[in-house]
Amino acid sequence: MRYKLTFVVGLALGYVIGTRAGRERYEQLKKSVREFSQNPAVRNAAESAAHNSREAAGKAFHAVSDKVGDRVPDSVAERVRSLRERTASGEDDWGTTNT
């Protein structure tokens, strides 16, 4: 319930701020975000963070699978396999490469 309340408060706050700021401020913020995200240093940091998180997730997967072994229900194991196959294509949902 707390999360729903937080979401509703955030939504209301965003609406109020958005209506007061107007379209001009929205366009200004949008331009700033676009410039920030196109910055090569930011893009490199994001790629590095994504790469490091993939490595950590792989290590965690192997550590857990070594300890748990075959005790994982088939439905869970199938979900994990399908997620691994989906991300093995070289690109994730964010459009970044798995390099």
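Val-76 lies in helix H3, which covers residues 74-87, where helices are DSSP runs of H or I with at least four residues, strands are runs of E with at least two, and both are numbered from the N terminus. This is a predicted model, in which local features need pLDDT of at least 70 and side-chain atom pairs count only at pLDDT 80 or more, while totals for chains, interfaces and linings use all residues. Residues are numbered from 1 along each chain as its sequence is written, and side-chain values use heavy atoms, with hydrogens and water left out.

**Overall make-up**
- The protein has three helices and zero strands, and its elements run α-α-α from the N terminus on.
- Of its 99 residues, 4% count as buried, a term for under 20% relative accessible area, with exposed meaning over 50% and partly exposed in between (1.4 Å probe, protein chains only).

**Val-76**
- With a relative accessible area of 37%, Val-76 is partly exposed.

**Helix H2 and Arg-43**
- Arg-43 is found in helix H2, residues 40-68, and counts as partly exposed at 47% relative accessibility.
- Apart from its neighbours within four places in sequence, Arg-43 is in contact (heavy atoms within 4.5 Å) with Ser-37 and Gln-38.
- The 29 residues of H2 should span 42 Å at 1.5 Å a residue, and the end C-alpha atoms are 41 Å apart, which agrees; the expected span is 1.5 Å times one less than the number of residues.
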